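Reader: I have a chain open and would like to go through it with you. Can we start with the overall picture and then move to details?

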Amino acid sequence: MKGIRGFVIVVLFSVVLLLASANTALALSYNGKTLSSSYPIVYESSIYFDSAIEAGQYSAIYDWNNAAGVYRMSIGLALHYYEEEFFNETYSYDGHNRIYRTWDWYSGAVGLNKYWCSGSTMVESDINYNPHFVLGDGSYAGYYDYASLFYHEVSHTLGFADTYNSGESNMITYGYVYTGVVKTSIPYAELVAAYNLYH
Ligand SMILES: [Zn+2]
């Protein structure tokens, strides 16, 4: 899609931060963007991901699609080789919805979703796991959970914003992430919110 003009391209970062700092002014909310049937997001994974990481990606996509009641996200083949590249070699608006595991010391985020929009329609989304942090199976102490990170980042693609309300720390869309925590079951409030976003 490189070179196409006419879109108003807005680049937004949605980050998962480490530091806990409750902001009770914010609550579960949307980011103002949705996926249109004209722009389904087909993620391209990396050949470097093992089956456990891929399984987390598939289940996150499956669960969020079901919650929304529309099927506008999927995962295609593991097409690309990018892993642990430099920041400025990734996250480009290039017609590919890539899933990276690339060293990202600029954002300070454990996981990141960078997306591009035309008006209120999301047209591309890249997701990164940041190996600057200790990633793995979050059911073990000391590891940021791969699957949980993907559940969170994909929620931005669907149209959610981070919530930093400490009362919503059990939500997938909660903006802070901790080691030794697995969140791969979408709470009822978010299931309803996802459905309402697309109906
Ligand atoms: Zn986020």
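Author: What follows is a short talk through the fold, the core, the helices and a few single residues.

Reader: What kind of model is this, and how confident is the predictor on average?

Author: This is a predicted model. The protein chain has an average pLDDT of 85, and 81% of the residues score at least 70.

Reader: Where is the pLDDT below 50?

Author: Residues 1-13 have a pLDDT below 50, and this stretch makes 16 contacts in the model beyond near neighbours in sequence. Residues 15-26 also stay under 50, with 25 contacts beyond four places in sequence.

Reader: Ok. How many helices and strands?

Author: The protein chain has three helices and nine strands. Read from the N terminus, the order is β-β-β-α-β-β-β-β-β-β-α-α.

Reader: How much of the chain is buried?

Author: Of the 199 residues in the protein chain, 38% are buried. As for contacts with a separation of 6 or more, 72% of them join residues 24 or more positions apart.

Reader: Which residues have the most contacts inside the largest nonpolar core?

Author: That core has 38 residues, and the ones with the most contacts inside it are Ala 60, Trp 64, Leu 149, Phe 150, Val 154 and Leu 158. Two or more residues each come from strand 3 (41-46), helix 1, strand 5 (97-101), strand 6 (111-118), strand 7 (121-129), helix 2 and helix 3.

Reader: Which element gives the most to this core?

Author: Helix 2 does, with seven residues.

Reader: Then tell me about helix 2. How many residues, and how far does it reach?

Author: Helix 2 covers residues 146-158, which is 13 residues. From its first C-alpha to its last it reaches 19 Å, close to the 18 Å expected at 1.5 Å a residue. Just after helix 2 comes Gly 159, with a positive phi of about 135 degrees.

Reader: Is helix 2 largely enclosed or open, and why?

Author: Helix 2 is largely enclosed by the rest of the structure, because 13 of its 13 residues are buried.

Reader: What does Val 154 touch, sequence neighbours aside?

Author: Beyond its neighbours within four places in sequence, Val 154 is in contact with Ala 60, Ile 61, Trp 64 and Met 73.

Reader: Next, helix 1 and helix 3. At what angle do they cross?

Author: The axes of helix 1 (residues 51-68) and helix 3 (residues 188-197) cross at roughly 65 degrees and come within 7 Å.

Reader: Which residues meet there?

Author: From helix 1 there are Trp 64, Ala 67 and Ala 68, and they meet Leu 191, Ala 194, Tyr 195 and Leu 197 of helix 3. By type, the residues of this contact are seven nonpolar, no polar and no charged.

Reader: Staying on helix 1, why is Tyr 62 classed as partly exposed?

Author: Tyr 62 lies in helix 1. It counts as partly exposed because it has 14 C-beta neighbours inside 10 Å, and a residue needs 20 or more to be buried. Tyr 62 and Met 73 are eleven residues apart in sequence, with 8.3 Å between their C-alpha atoms.

Reader: Change of topic: where is Thr 179, and what is it in contact with?

Author: Thr 179 sits in the loop between helix 2 and helix 3. Leaving out neighbours within four places in sequence, Thr 179 is in contact with Gly 138, Ala 141, Gly 142, Tyr 143 and Tyr 144. Thr 179 is partly exposed, with 17 other C-beta atoms within 10 Å. Gly 136 is 43 residues away from Thr 179 in sequence and 9.4 Å away in space, C-alpha to C-alpha.

Reader: And Pro 131?

Author: Pro 131 is in the loop between strand 7 and strand 8 (135-136). With 15 C-beta neighbours inside 10 Å, Pro 131 counts as partly exposed. Pro 131 and Trp 105 are 26 residues apart in sequence and 9.5 Å apart in space, C-alpha to C-alpha.

Note on methods:
Residues numbered from 1 in each chain as written. Predicted model: local features only at pLDDT ≥ 70, side-chain atom pairs only at ≥ 80, totals over all residues. Axes fitted to C-alpha atoms, helices over the stretch in contact; angles between N-to-C directions. Helix = DSSP H or I, 4+ residues; strand = E, 2+ residues; numbered from the N terminus. Contact = placed C-beta atoms within 7 Å. Nonpolar A, V, L, I, M, F, W, Y, C, P; charged D, E, K, R; others polar. Expected span 1.5 Å × (residues − 1). Buried ≥ 20, exposed ≤ 12 C-beta atoms within 10 Å, placed from the backbone. Core = buried A, V, L, I, M, F, W, Y, C linked by C-beta atoms within 7 Å. pLDDT = per-residue confidence, 0-100.
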